[in-house]
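The sequence and structure come first.

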Amino acid sequence: MSDKARRLFEALDLDHDGVLTRVEVIVALRTNGPSLAASGVLPFWGVQDVDASSALFDTADQNGDAVLTLDEFTAVVDRRFGWS
């Protein structure tokens with residue numbers, strides 16, 4: 001697990017409960033995506049629309065419980081963003 005993936009997870013975890021919901025991912029990427037990209041926490045090309053954010057969530061939700069743990073999230077974003 002990369003430090004970048006962990007920082008991105010923490011930035012998207014708006015309620016700081018240690019898991020990400022679909023709504024959190026979509027809202028956080030829409031509202032904070034550009035500033036996260038500017039600060040280097042997210043690649044600029046990683047700032048996408050609602051459908052792409054939802055698809056990222058679906059890909060990462062490996063057990064289908066509608067929340068992402070840090071391990072589920074980092075497994076996908078490390079590979080997708082080339083951080084591993």
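This is a predicted model: local features need pLDDT of at least 70, side-chain atom pairs count only at pLDDT 80 or more; totals for chains, interfaces and linings use all residues.

## Helix 3 and its buried face

The buried residues of helix 3 pack against two partners, helix 2 (22-38) and helix 4. Helix 3 itself covers residues 50-60, and its buried positions are A52, S53, S54, L56, F57 and A60. An α-helix has 3.6 residues a turn, so residues three or four places apart point the same way.

Where helix 3 starts, D49 places a side-chain oxygen within 3.3 Å of the backbone nitrogen of D51.

## Helix 3 against helix 4

The axes of helix 3 and helix 4 lie 8 Å apart, and the two helices pack at an angle of about 120 degrees. The crossing is right-handed.

On the helix 3 side, the contact uses L56, T59 and A60; these meet E72, F73, V76, V77 and R80 of helix 4. Sorted by class, this contact has 5 nonpolar, 1 polar and 2 charged residues. Two of its helix 3 members, L56 and A60, are also listed as buried.

## Helix 1 against helix 4

Helix 1 (residues 3-12) also packs on helix 4 (residues 70-80), at an angle of about 125 degrees and with the axes 9 Å apart. Helix 1 is therefore oblique to helix 4. This crossing, too, is right-handed.

Helix 1 contributes A5, R6, L8, F9 and L12, while helix 4 contributes L70, F73, T74, V77 and D78. The classes here are 7 nonpolar, 1 polar and 2 charged residues.

Notes: Residues are numbered from 1 along each chain as its sequence is written. Side-chain values use heavy atoms; hydrogens and water are left out. Axes are lines fitted to C-alpha atoms, for helices over the stretch in contact, and angles run from 0 to 180 degrees between N-to-C directions. Helices (H or I, at least four residues) and strands (E, at least two) are DSSP runs, numbered from the N terminus. Angles under 35 degrees count as roughly parallel, over 145 as roughly antiparallel, 65 to 115 as roughly perpendicular and the rest as oblique. A crossing is left-handed if the near helix is turned anticlockwise from the far one by less than a right angle, and right-handed if clockwise. Contact means heavy atoms within 4.5 Å. Ala, Val, Leu, Ile, Met, Phe, Trp, Tyr, Cys and Pro count as nonpolar, Asp, Glu, Lys and Arg as charged, and the others, Gly among them, as polar. Buried means under 20% relative accessible area, exposed over 50%, partly exposed in between (1.4 Å probe, protein chains only). A polar contact is a pair of N or O atoms within 3.5 Å; within protein, one must be able to donate a hydrogen and the other to accept it, and residues adjacent in sequence count only if both atoms are side-chain atoms.
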